[in-house]
Amino acid sequence: MKQLETNTVYSIKVTSGEELVGKVIEQTDTTITLEQGITIGMGQQGMQMIPAMFTTLPTSNITINTANITMVADTADDVKDAYREATTGIKTPDKKIIMG
């Protein structure tokens with residue numbers, strides 16, 4: 001598996017079919033640790049972010065065995081913004097051009 005950049009948000013697909021989004025805070029030869037990893041699910045309003053584990057503290061990091069990862073990709077900007085808002089409460093402002 002390629003070395004991922006720490007403090008960068010990635011989309012990760014695991015062998016169970018779940019898709020996780022999280023900020024990589026550590027990577028070893030056999031594991032990847034995500035800060036506040038979340039699962040992506042489809043709901044009535046479209047894509048929803050759900051805690052990856054329901055029985056842990058909301059601020060818990062999760063560690064994934066790299067043998068269980070099938071795909072890793074850069075996360076789309078709108079999903080990164082939604083992840084940031086869901087995990088920190090910080091909303092990214094809309095990009096607008098100021099006309100004078």
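1. Helices (H or I, at least four residues) and strands (E, at least two) are DSSP runs, numbered from the N terminus. This is a predicted model, in which local features need pLDDT of at least 70 and side-chain atom pairs count only at pLDDT 80 or more, while totals for chains, interfaces and linings use all residues. Residues are numbered from 1 along each chain as its sequence is written, and side-chain values use heavy atoms, with hydrogens and water left out.

2. Overall dimensions. Taken along the principal axes, the C-alpha atoms fill a box of roughly 55 × 30 × 25 Å. The accessible surface comes to about 7,000 Å², and 52% of this belongs to carbon and sulfur atoms; such areas come from the Shrake-Rupley method with a 1.4 Å probe, and for residues only the protein chains shown count as cover. Of the 100 residues, 30% count as buried. Buried means under 20% relative accessible area, exposed over 50%, and partly exposed in between (1.4 Å probe, protein chains only).

3. Contacts. A contact means heavy atoms within 4.5 Å. Among contacts with a separation of 6 or more, 50% are between residues 24 or more positions apart.

4. Largest nonpolar core. A nonpolar core is a set of buried Ala, Val, Leu, Ile, Met, Phe, Trp, Tyr and Cys residues joined through side-chain atoms within 4.5 Å. The largest one has eleven residues: Leu 4, Tyr 10, Ile 12, Val 14, Leu 20, Val 24, Ile 32, Leu 34, Ile 62, Ile 64 and Ile 69. Strands E1 (8-14), E2 (19-27), E3 (31-43) and E5 (61-65) each give two or more residues to this core, and the largest share, three residues, comes from E1. Apart from this core lies another, of six residues, including Val 21, Ile 38, Val 79 and Tyr 83.

5. Ile 62, a member of the largest core, touches Leu 20, Ile 32, Thr 33, Leu 34, Gly 37, Ala 52 and Met 53, leaving out residues up to four places away in sequence.

6. Val 21, one of the residues of the six-residue core, is found in strand E2. Val 21 counts as buried because its relative accessibility is 0%. Leaving aside neighbours within four places in sequence, Val 21 is in contact with Val 9, Tyr 10, Ser 11, Gln 36, Gly 37, Ile 38, Ile 40, Thr 75, Val 79 and Tyr 83. Of these contacts, Ser 11 is ten residues from Val 21 in sequence and 4.6 Å from it in space, C-alpha to C-alpha.

7. Gln 36 is found in strand E3 and has a positive phi of about 50 degrees although it is not a glycine. Gln 36 is buried, since its relative accessible area is 15%. Beyond residues up to four places away in sequence, Gln 36 touches Val 21, Pro 58, Thr 59, Ser 60, Asn 61, Tyr 83 and Thr 87.

8. Asn 7 also has a positive phi, about 60 degrees, and is not a glycine. Asn 7 lies in the segment before E1. With a relative accessible area of 56%, Asn 7 is exposed.

9. Largest pocket. On a 1 Å grid over the protein atoms alone, a pocket is an open set of points where a 1.4 Å probe fits, with protein on both sides within 12 Å along at least five of seven lines; lining residues have an atom within 4 Å of a point. Grid points are joined across faces, edges and corners, and a volume is the space filled by probe spheres set on the points. The largest pocket holds about 250 Å³ of space. There are 16 lining residues, and the closest to the pocket centre are Gln 36, Gly 37, Ile 38, Pro 51 and Pro 58. E3, strand E4 (46-51) and H1 each supply at least two residues of the lining.

10. Lining by class. The lining of the largest pocket has eleven nonpolar, five polar and no charged residues. Here Ala, Val, Leu, Ile, Met, Phe, Trp, Tyr, Cys and Pro count as nonpolar, Asp, Glu, Lys and Arg as charged, and the others, Gly among them, as polar.

11. Thr 39 is found in strand E3 and counts as buried at 10% relative accessibility. Not counting residues up to four places away in sequence, Thr 39 touches Glu 18, Glu 19, Leu 20, Gln 48, Met 49, Ile 50, Pro 51 and Ala 52.
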